[in-house]
Amino acid sequence: MTAAKKTHHHLIDAIPLGGIVTVRDRLLEMQAQGKKILRLESGDPSFGIPEHVREALEKALRDGHTHYTAGAGIPQLREAACEKMRQQNKLPVKGPGQVLVTSGAMHGLYVAFRAILGPGDEAIIPDPTWTETADNITLAGAKVVRARLDPERGYLYDAAAIEKVITKRTRLIVLNTPHNPTGAVLKRETLGAILQLAHAHDLYVLADEAYEHVIYDDLPHVSIGSLPGAEDRVVSIYSMSKSFAMSGLRLGYLTANDDRLIERMTKLLRCTVNGVNSATQHAGVAALKGPADATRKMAAVYRERRDLLFASLEKIKCFKPFKPAGAFYAWVKIGADWQGYQGKRDGWAMTNYLIDKGGVGSAPGDVFGPAGAGHVRFAFSCPTEQIAAAAEILPTLF
Ligand SMILES: Cc1ncc(COP(=O)(O)O)c(C=O)c1O
């Protein structure tokens, strides 16, 4: 019995504990020891939630919204999200019945992958990609297949590169715009070409649009689900974490017009969270229906931080930074002229070097997939003072 337990392999064993978490824990420990640390390792908005959202949250608690809710979400939130996706994302959502409320976009990815994929199936993701996208595919028992993003093409997801890795077992193409970790923003033509592929090979498309409102230089955010013919193929996933700085409140939503998928995902919601925190859902209604100026202001501040950080990264000879058009990450290729640290020259060596020598946090590119080797990612979601301090320190370290 004991021996069998020891040799038993579980698919969760294939998932790492999390590279960025490892970095964060180290930074927190150093901070606790009184060291000055700049938190550019993970993407958590520095802002408080908008005033009207906080008021709605407090009111929800006062009004006694502390009980179980419908597993798929409170009707008011499903309606507000339906309206928002119709108006802003131009999605042809049939009605609130097609909208499911999730505990963040992360949970949305989990239920969508579980509803679509199974053992033997393959899902294509961009390389590099946000780590948890790949991990949640593994959790669904399916195989992660990576399509490399080409730096020469501005890290844009390329239909031709995707087509090369499609097999008989492919069930799903994942796209993420604006993209974590590169900050690339996909254009309508690219989305159209990916949708055509989905039609030609009878695939689903999962669109992770968590950063839809963190976008710069007046670029539009285009939802693939709004393109003609997308109706039954696309699952569109949204997050309240970045748009409204509600990351710790854990709220997201998704939509799909495929009723079979909605039924499967509704079952998954019941068996995973059985309804997201009810007060948070009421805050979500206020966020989606209320004024958008806080969201716009945050995007404007992220843009200032991007420019501040990018100007500094550009000064470093061994850094090749990519200027992000969206999301709040700066993706940097480490040049061959970097001398290395402790005998190593990979992303982890760079992350360790920056922490040890400058107290600057970052995420090693390796955690985002094979294409991330030799890269490092800086998040500029922490307070502007920290970005300014990092911008000053970084060039002095090389
Ligand atoms: C690309 C991407 N998708 C989804 C998420 C998850 O967001 P949430 O906080 O809503 O779970 C993140 C969070 O960093 C992300 O980077």
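Helices (H or I, at least four residues) and strands (E, at least two) are DSSP runs, numbered from the N terminus. This tour concerns a predicted model, in which local features need pLDDT of at least 70 and side-chain atom pairs count only at pLDDT 80 or more, while totals for chains, interfaces and linings use all residues. Residues are numbered from 1 along each chain as its sequence is written, and side-chain values use heavy atoms, with hydrogens and water left out.

**First stop: the ligand**

Next, display the oxygen atoms of the ligand. In the side chain of N180, an N or O atom is 2.8 Å from an oxygen atom of the ligand. For K242, a polar side-chain atom lies 2.9 Å from a ligand oxygen atom.

**Second stop: the largest pocket**

The ligand takes up the space of the largest pocket. On a 1 Å grid over the protein atoms alone, a pocket is an open set with protein on both sides within 12 Å along at least five of seven lines, a cavity is a set of points where a 1.4 Å probe fits but cannot get out, and lining residues have an atom within 4 Å of a point. The largest pocket holds about 890 Å³ of space. Select G43, M106, W130, E132 and K242, which are the closest to its centre of the 36 lining residues. Helix α6 gives the most to this lining, with five residues. The lining divides into 14 nonpolar, twelve polar and ten charged residues.

A search of the whole structure finds two cavities of 30 Å³ or more. The largest cavity has about 100 Å³ of space; its lining includes L91, P92, V93 and G225. Strands β6 (234–239) and β7 (252–256) are the elements that give two or more residues to that lining.

Finally, select L149, Y155, Y157, N176, H179, A184 and L186, which line the second largest cavity. This cavity has about 40 Å³ of space, and its lining has five nonpolar, two polar and no charged residues.

Notes
A polar contact is a pair of N or O atoms within 3.5 Å; within protein, one must be able to donate a hydrogen and the other to accept it, and residues adjacent in sequence count only if both atoms are side-chain atoms. A molecule sits in a cavity or pocket if more than half of its atoms lie within 2 Å of its grid points. Grid points are joined across faces, edges and corners, and a volume is the space filled by probe spheres set on the points. Ala, Val, Leu, Ile, Met, Phe, Trp, Tyr, Cys and Pro count as nonpolar, Asp, Glu, Lys and Arg as charged, and the others, Gly among them, as polar.
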